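Please keep the sequence and the structure in view while reading.

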Amino acid sequence: MKERVSLNTVQWLIAVALVAIVVASACHTPVTIVTPAGKVAYAANEVAIRVGELQKTAIAAEAAGAIPTPVARIIITWTTESAKVLGATPAGWGTTVATSWGEVKRQIPLAYLQNPAIISAVSAVDVALAIFLPPTR
Amino acid sequence: MNPGLIAALINQLLIPELLEIIRRRQAAKLGITDAEIIKEFNNRVLEIVTEGENWLAAHPK
C-alpha cells in the first residue's frame, strides 16, 4: 500500500514537473522575432489561433447537433468580438478578453463546456490565455 | 478531484496544447520575421471576424 502511494506521488510529481518545464519553455517568443511590435503580435497571434480553433469547433459542433445554437451563438459572439479586440489592441487585449472569457464560461452550462466536441478547444483557450496574457500596467 | 482524472486531463488536453505551442516556436526559429508574424496575425483576426460574423448573420436570435 505504502509503495503504491509512493509510486502515485512520484508519477504525480513527474507530471507536474513536465508541465512546468513545458510551460516555461512555451512562454518565450521565438528568437527571430525581435521588435516589441513583433513580440506583441506573436503573443496575440497565439491566442488568436486558439480563439479561431474554438470558433471553428463551435460551428462544427452546432452543425452536428452536439451543442445547441444558443450556446454556439454565445461562443461565436465571443470569438468574433475577441478577435476584434485582439486586432485593435494587440498589446492591451488582456483584461477585456480574459474577463469576457470568464463571463462566457459562466453563461454556458457546464455540461456543454465539458462536451467532448468542444472541451479540447475550450481548454486550449484557457491555456493560451494563461501563458500569453500580457501584464497589466 | 481524482488525481488519475487530473493526470488524464493533463495528458490529453494540456500537454498536447503546450507541445503544439513549442512546435510552432521551433518552426518559427527557422526564420519567421516580425513582419511575417504581424501579417499572419492580422490575416487571422480578419478570418475569425469574417467567419464569425457570417455565422451569426446566418443564425439570428
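The expected span of a helix is 1.5 Å times one less than its number of residues. Helices (H or I, at least four residues) and strands (E, at least two) are DSSP runs, numbered from the N terminus. By that rule α2(A), with 28 residues, reaches 40 Å from its first C-alpha to its last, close to the expected 40 Å. Just after α2(A), G65(A) has a positive phi of about 80°.

This is a predicted model, in which local features need pLDDT of at least 70, side-chain atom pairs count only at pLDDT 80 or more, and totals for chains, interfaces and linings use all residues. Residues are numbered from 1 along each chain as its sequence is written, while chains are lettered from A and ligands numbered from 1 in the order in which they are written. The model scores ipTM 0.81 and pTM 0.77. For chain B the mean pLDDT (the predictor's confidence in each residue, from 0 to 100) is 83, and 89% of its residues reach 70 or more.

Chain A contains six helices and zero strands; chain B has two helices and, again, zero strands. A residue is buried if 20 or more other C-beta atoms lie within 10 Å of its own, exposed if 12 or fewer, and partly exposed in between, with C-beta atoms placed from the backbone. Buried residues make up 36% of the 137 residues in chain A and 21% of the 61 residues of chain B. In α2(A), 20 of the 28 residues are buried, so this helix is largely enclosed by the rest of the structure.

Two residues are in contact if their C-beta atoms, placed from the backbone, lie within 7 Å. Between the chains, the contact takes 42 residues from chain A and 34 residues from chain B. On the side of chain A that touches chain B, two or more residues come from each of α1 (2-26), α2 (36-63), α3 (69-88) and α6 (119-132). The largest share, 13 residues, is that of α2(A).

Of its 43 residues, A44(A), V47(A), A48(A), A58(A) and L86(A) touch the most other members. At least two residues each come from α2, α3 and α6 of chain A and from α1 (3-28) and α2 (34-58) of chain B, and α2(A) gives the most, with twelve residues. Leaving aside neighbours within four places in sequence, A58(A) is in contact with I67(A), A72(A), I75(A), I76(A) and I118(A).

How values were computed:
Core = buried A, V, L, I, M, F, W, Y, C linked by C-beta atoms within 7 Å.
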